[in-house]
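Please look through the structure below before reading on. The paragraphs after it go through a few of its parts in turn.

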Amino acid sequence: MEVCYQLPVLPLDRPVPKHVLSRRGAISFSSSSSLFGAPDPRQLSQRRGAISYDSSDQTALYIRMLGDVRVRSRVGFEPERRGSHPYLPIDFRILHSQPDSAGPVSARRIRRLLSFQRYLRSSRLGRGVTPQSPLHILDHDYTGQAKCMLEKVGSWTFDIFLFDRLTNGNSLVNLTFHLFKLYGLIELFQLDMVKLRRFLVMVQEDYHRQNPYHNAVHAADVTQAMHCYLREPKLAKSLTSCDILLGLLAAATHDLDHPGVSQPFLIKTNHYLAALYQNTSVLENHHWRSAVGLLRESGLFSHLPTQDGLDMERQLGSLILATDISRQNEYLSKFREHLDREDLCLANAGHRHFLLQMALKCADICNPCRPWELSKQWSEKVTEEFFHQGDIEKKHKLEVSPLCDSQTNSVGKIQIGFMTYVVEPLFAEWARFSDTRLSQTMLGHLGLNKAGWTGLLQAQAGVAEGTDTPAPAEDAHSKVLPQGSGES
């Protein structure tokens, strides 16, 4: 067995705490405990994950500690305690109950949670519970196959599920780091490679592995799709290195710390995130602020002038906020108007940023445009997550959100509606902007996948009615795979 990556050993003044080494991904890059450089424990206990630029946000100043999450309130620190909710690691009965206004301030516990995943893991480690999925070090056979896949990272048929298996669950770290090297961003921005790896490891670990869809594999898939779009001729000859850096960072962090439930769910359950962001782009704001927290925690841009770092954080937020599906028509209408007027000027920084927003939106929902073998897996995973939310809502006697009732919906029905009303309009406009082989391939897969789901629904209806109905899905999509096999 060999270590995937061997970093140079740094001088150690003191041993690194065991819970630092237990962080997901830390051992996968180096068997040495020097990955984090033996920081001062007092500094570690003060690490902050910023979630707001507003210094007046006194009730939501988050303090991220090693394996623990606390909130600084006006009455001091109170440790978070994981509740008994079956999905989110919080107890609705406690979180959503209104405090007694007549009681003393010290009795009102302000319950905040920045990273569900990290807190859940640290809680288990604190109780001596062995992690369910220990991270194993890969041998040369697996790393060699993963490197071969990265040579074709620009292919639209790139199998992110296989790549994730070959990298032992580290697809986001390996793929994003490879792309940073491919574009020469490490040299251009003089990034510290140890800080970059540390940042990517923290990003990956803050995605919730238990989420069927909104997890690190989805983030890696979106990042790979973003790379494909950045290589399109119109963008490739116009984007600056800063644009590319922001595009890749936004793709990798666009769903950071996603709880696996929708914004309407958080709003109707009076979740603290909904209150914090005033019911507006709740999840997207949280993804952005979490990403900013990790950028500052890792010190990735600490060598840049302060104003440059703040500008990058602001632009990163603008990209991530654009993925709010509730604002789909707003962005699509603006995109269509630009195309109708033919006034998009790629020499204009504002126009380039808008195209990055549209590219990220396409990458975020491109699953129906992938080959059937990949698209079908994503469709099943997102539907599983929808139905999981519906089960929670039923259990707590809440109104079941649209598409989340497994009794009245199916994978095929959800996907056909999603393709028709969301995906097709967006990718039709993208093809108007970038009429390339990739765009036509995506539209081709989209049409065939939609026909495939229609065929499966007809077959299921025929079986239910006891009639013979042809099931064209498998045969139809056996023809899809060669279409994009050479796409690069």
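The average pLDDT of the protein is 78, and 67% of the residues score at least 70. Over residues 1–14 the pLDDT stays under 50, and the model has 38 contacts beyond four places in sequence for them. A further stretch with pLDDT below 50 is residues 471–488, which has 36 contacts in the model beyond near neighbours in sequence. Where pLDDT is low, the predicted coordinates should not be read in detail.

Helix α10 runs over residues 193–205. At 1.5 Å a residue, its 13 residues should span 18 Å, and the C-alpha atoms at its ends are 18 Å apart, which agrees. At the start of α10, a side-chain oxygen of Asp192 comes to within 2.8 Å of the backbone nitrogen of Val194. The helix is mostly covered, with ten of its 13 residues buried.

Helix α16 covers residues 282–298. Its 17 residues should span 24 Å at 1.5 Å a residue, and its end C-alpha atoms are 24 Å apart, in agreement. Because 16 of the 17 residues are buried, α16 is largely enclosed by the rest of the structure. After α16 comes Gly299, with a positive phi near 70°.

The structure holds twelve salt bridges. One of them pairs Glu330 with Arg327, with the closest N and O atoms 2.7 Å apart. Glu330 has a relative accessible area of 46% and is partly exposed; Arg327, at 26%, also counts as partly exposed.

Another salt bridge joins the side chains of Glu429 and Arg336, at 3.2 Å from N to O. Glu429 lies in helix α21 (residues 411–433) and Arg336 in helix α18 (residues 328–341), so this pair ties together parts that are 93 residues apart in sequence. Is each partner buried or exposed? Glu429 counts as buried because its relative accessibility is 8%, under the 20% limit. Arg336, at 31%, counts as partly exposed. Salt bridges with shared partners join Arg336, Asp340, Glu429 and Arg432 into one network.

A salt bridge also links Arg341 and Asp343, whose closest N and O atoms are 2.9 Å apart. Asp343 is partly exposed, at 28% relative accessibility.

Technical notes:
Residues are numbered from 1 along each chain as its sequence is written. This is a predicted model: local features need pLDDT of at least 70, side-chain atom pairs count only at pLDDT 80 or more; totals for chains, interfaces and linings use all residues. Side-chain values use heavy atoms; hydrogens and water are left out. Helices (H or I, at least four residues) and strands (E, at least two) are DSSP runs, numbered from the N terminus. The expected span of a helix is 1.5 Å times one less than its number of residues. Buried means under 20% relative accessible area, exposed over 50%, partly exposed in between (1.4 Å probe, protein chains only). A polar contact is a pair of N or O atoms within 3.5 Å; within protein, one must be able to donate a hydrogen and the other to accept it, and residues adjacent in sequence count only if both atoms are side-chain atoms. pLDDT is the predictor's confidence in each residue, from 0 to 100. Contact means heavy atoms within 4.5 Å. A salt bridge is a side-chain nitrogen of Lys or Arg within 4 Å of a carboxyl oxygen of Asp or Glu.
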